[in-house]
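Please keep both in view while going through the points.

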Amino acid sequence: MKKLVSFAVLLAFLAAACSKPVAPQDRLLAHEQEIDALIAQMTLEEKVEMLHSKTNMSSAGVERLGIADMHYADGPFGIREEGQPNGFMPAGWTLDSATYFPTGSALAATWSEDMAYLYGTGMGKEARLRGKDVILGPAVNIQRLPVGGRTYEYLSEDPMLSAALALYYTKGVQDEGTAVCIKHFAVNNQETNRGSVDAQLDERTLREIYLKPFERAIREGGAMSVMPAYNKVNGDYCSENEHLLNEILRGEWGFKGFTVSDWGGTHSTMGAMLHGLNVQMTGSNYLGQPVIDSIATGALTEEQVDEKVRQILRVRFAVEAVPEDVANTVMTSQPESQAIARQVAEKAIVLLKNDGVLPVAPEVKKIAVIGQNAVLKTQSGGMGAGVKALYEVTPLEGITSRAAEAGVEVAYAPGYRNYARRMWGPQVLGPLETAQIDEAADPELLAEAVALARDADMVIFFGGTNKNIETEGSDRKDIKLPCGQETLVQALYEANPRLATVLISGGPTDLQVLEPVSPAIVQGWWNGTEGGTALAEVLFGDIAPSGKLPFTFPVKLEDSPAYALGNFPDKNTGGDLFTLMYRPDVLAMTPEQRQAFIDALPKPVSQYTEGPLVGYRWFDTREVKPMYAFGHGLSYVDFGYGDMKASAGKKGVKVSFVLTNEGSMPADEVVQLYVRRIGSEVEWPDKELKAFRRVSLREGESKKVVLEIPVEDLRYWNVEKNAWDLEHGKLELLLGSASDDIRQTAEVTI
C-alpha cells in the first residue's frame with residue numbers, strides 16, 4: 001500500500017527546497033529570542049563580566065542563568081596542555097597530552113583541502129575532550145618575510161592557497177562542535193615590534209592579499225570568532241580598528257560572532273567598545289569597571305554592552321558547553337587524530353632535489369645519520385603555543401625502525417651543537433648546546449661525523465632550524481643555516497658523496513652553500529607526532545613524496561621584496577606586548593605607570609610598498625630567480641600533462657586535461673593553474689595562482705582533471721570605486737607542476 005504524504009509535510013518540503021540557503025554566518029542567528037530573554041535578566045555587572053577574561057584561558061558566563069564560561073584552547077597545531085589559571089605554567093595534569101599535528105607551513109605544503117578538513121576535525125574533537133569551546137586558530141597570515149618568527153605557524157605566501165586551507169580547517173573544527181578563532185586579523189606579518197608596529201599599505205593590497213584567507217573562512221566557513229592582531233594597520237590598533245572590525249568584518253562580510261583580543265592586545269576602553277572588540281584577554285583594566293564608569297558618565301550606553309554580549313551568546317548557543325564531569329576524563333590524544341597527523345605529514349614532505357640518491361637503494365646496508373635535528377623534538381620550544389604531545393616520532397627513530405625492517409644498519413652522530421637560547425628562565429646549556437647561533441663547526445663533532453660518513457654506504461644529513469630560532473616574539477636575523485652546518489655538510493659530501501640532506505624547519509633557509517654538495521634535498525618541516533614515521537616512508541620509497549612548497553626559497557634573503565625595497569627590518573625597536581604582561585618590572589608598576597611606559601615605547605612603521613608583489617609574485621614580476629620556486633616539489637615518478645581545453649563564461653573560467661602517472665608506483669601530483677593578464681590597463685603581477693588540486697593516481701593511471709576559476713576570483717579591488725571590479729580582456733592560463741614549471745598554456749577572454 002502506498003504511503004500518503006500530508007499536504008503540510010509536502011508544503012514544508014517544497015518551501016525548504018525553494019528557500020535560499022542559509023549563509024554560514026547567519027546560522028549564528030538561530031537563538032536570537034532566547035538571547036534577548038537572557039540579556040533582559042542580566043545585570044550590567046554580569047554583562048560586563050563577559051567582556052573580559054576570567055582566567056588566563058577563559059571568559060565568564062553567568063552561572064545563575066545557566067550561561068557557561070567560554071573556554072579557549074591555545075595552539076593551531078595541537079591542543080595546548082592545561083595551564084595554571086593565571087598564567088601559562090603547566091598545571092601538571094595527566095590526561096592533557098594531545099596530538100601534535102604538523103605545523104601550518106607543513107599543512108600548507110600538502111596543498112590539500114581534504115587534509116585541511118581532516119586536520120580541523122582532529123583538532124575539534126580533541127578540544128571537545130578537553131572541555132574547550134574555542135580553538136585559538138587557524139593562524140592564516142600571509143608569509144611576507146622569509147625570516148618571520150611565525151612562518152611555521154602560518155600557511156603560505158599566497159592568499160588563494162591560504163584561503164582554501166583556512167576555509168577547510170575552519171569547517172573541520174566547527175563540524176566537530178568547536179568554534180575557531182581565526183587569527184591574527186590582520187596584516188600581522190612580523191614579530192619584530194609586533195605590539196607597536198604600524199603596517200601601512202594600500203587598500204588594494206589589503207583586500208587582495210592580506211584579507212583573503214580571513215574572508216573565505218568567515219563568509220564561506222562561518223568562522224565564529226576572530227582574534228584581532230597586536231599591530232596597527234594604517235594608524236589604528238587592530239583591536240580597535242573601525243575599518244577592519246566594523247566596516248569590513250561585520251559590515252561587508254556579515255560576521256555575527258565575537259572578537260577576542262590577543263593576550264595583552266587591548267589598548268583602550270572607548271576604542272575597543274566603539275570599534276569592534278568583544279572580549280579583552282587578559283585582564284579587566286579596559287573592558288571591566290571602566291565600561292561601567294563610562295556608562296555612568298554617558299560616554300557609553302548599556303545597549304552597546306548588550307550588543308557585544310549578544311554576539312558572544314550567539315557562539316555560546318552554537319557551541320555546546322562540555323560538562324566538567326565529562327571533560328578531561330580520557331587522554332586528549334586519540335588514535336584517530338594521530339592517524340590524521342600521519343596522513344598530513346606523509347603528504348607534506350617536499351622533495352626539493354634528487355640526483356638519484358633517493359629513495360634509499362637496496363644495496364645500501366649502512367646509513368650514517370648526521371645532525372641533531374634528527375633527534376630533537378619540535379612539539380614545543382621557544383615562545384608561544386606548543387603541544388605536550390603524547391608521543392613524537394623523531395626522524396632518527398623513524399629511520400631506525402624502517403631500516404631494521406630492511407636489514408640496514410643505522411649509525412648516528414650529532415655533528416653540530418644545537419642553538420639553545422632560552423626565552424625564559426636560566427640559560428643553562430648542555431654539552432651539545434650553544435647560545436651562539438653563528439658558532440663555527442666544532443672540530444671534534446665534525447671529525448666524528450666525517451668518520452661515520454666514510455664508513456657508511458649512504459649519509460643522511462639533518463640540518464635546518466629549531467624552535468629557539470623560529471619562534472613567536474622575534475624574527476630571525478637571517479635565514480642562514482646555524483651552528484656550522486654549512487661547513488659540516490661540505491665535509492660530509494667530501495667524505496661520502498652519496499648524501500641526502502633533510503631540512504627540519506618551519507620556514508625557508510639559505511641553501512647557497514648546501515645545495516651544490518647535496519645530491520638530494522628534502523624539506524621535512526616540523527611535521528607532527530608521526531613526522532619521523534612519514535619521513536622514513538618517503539626516504540625508503542614506501543610512498544612517493546608529493547608535497548609542494550607553500551612559499552619561495554630565495555637564493556639570498558636580500559632577493560625577497562621587503563628586503564629588496566628596504567621595508568624590513570624596521571628602523572625603530574618597540575616593545576612586545578605579550579612579553580610585557582609577564583615582565584616583573586612591568587608587573588610592579590601601577591596601571592598609570594604601565595600605560596605611560598607603553599606609550600613611551602618607539603612606534604615603528606612598516607611600509608608595504610611592494611604592494612601585491614609578495615613571494616613568487618615579486619620574483620616572477622621582477623625576474624629574480626629563486627633557489628626553489630613557489631609550488632615546487634618533485635616525486636619519484638613523472639607525470640604527463642595532456643592537452644588542456646579551456647573556456648570562459650559569465651561564471652568564470654574552466655579548464656580540463658588528462659593527467660597520467662608515468663611511473664611504477666602510486667603517487668600524488670598537485671596541479672596548479674596560474675593566470676597572466678594580456679594587454680591589461682590595470683597593473684598586475686606577472687602571474688597569480690587561481691586554482692589547484694591534489695590528484696592521486698595509481699601506477700600508469702590517467703585521470704581527467706577539471707579546474708574552475710570563479711569570476712569572483714578574477715576581480716581586483718578598484719580603489720577609485722572602492723569596490724571589487726572585473727577587468728575584461730584576455731587571460732593566459734598557465735597549467736603546471738610549480739610556478740616555474742608550466743606544462744600547458746591557453747588563452748581565453750573574459
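Predicted model: local features only at pLDDT ≥ 70, side-chain atom pairs only at ≥ 80, totals over all residues.

Residues are numbered from 1 along each chain as its sequence is written, and side-chain values use heavy atoms, with hydrogens and water left out.

**The largest pocket**

- The largest pocket holds about 1,100 Å³ of space; a pocket is an open set of points on a 1 Å grid over the protein atoms alone, where a 1.4 Å probe fits, with protein on both sides within 12 Å along at least five of seven lines, and a volume is the space filled by probe spheres set on the points.
- Its lining consists of 47 residues, and those nearest the centre are M160, R216, E220, P710 and D713; lining residues have an atom within 4 Å of a point.
- Two or more lining residues come from each of α5 (113-129), α6 (159-175), α7, α8, β24 (688-697) and β25 (702-710), with β24 giving the most, 9 residues; helices (H or I, at least four residues) and strands (E, at least two) are DSSP runs numbered from the N terminus.
- By class, this lining has 20 nonpolar, 4 polar and 23 charged residues, where Ala, Val, Leu, Ile, Met, Phe, Trp, Tyr, Cys and Pro count as nonpolar, Asp, Glu, Lys and Arg as charged, and the others, Gly among them, as polar.

**The second largest pocket**

- The second largest pocket has a volume of about 900 Å³, and of the 38 residues that line it, S58, D69, H71, E82 and E324 are the closest to its centre.
- Strands β1 (53-55) and β3 (70-73) each supply at least two lining residues, and the largest share, 3 residues, comes from β3.
- The lining of this second largest pocket divides into 16 nonpolar, 11 polar and 11 charged residues.

**Helices α7 and α8**

- In the contact of α7 with α8 (heavy atoms within 4.5 Å), R207, E208, I209 and Y210 of α7 meet K212, P213 and F214 of α8.
- The residues of this contact divide into 4 nonpolar, no polar and 3 charged.

**Salt bridges**

- The whole structure contains 52 salt bridges, each a side-chain nitrogen of Lys or Arg within 4 Å of a carboxyl oxygen of Asp or Glu.
- One of these salt bridges joins the side chains of E32 and R314 at 3.1 Å, N to O, and the pair links distant parts of the chain, with E32 in helix α2 (residues 32-41) and R314 in helix α12 (residues 302-318), 282 residues apart.
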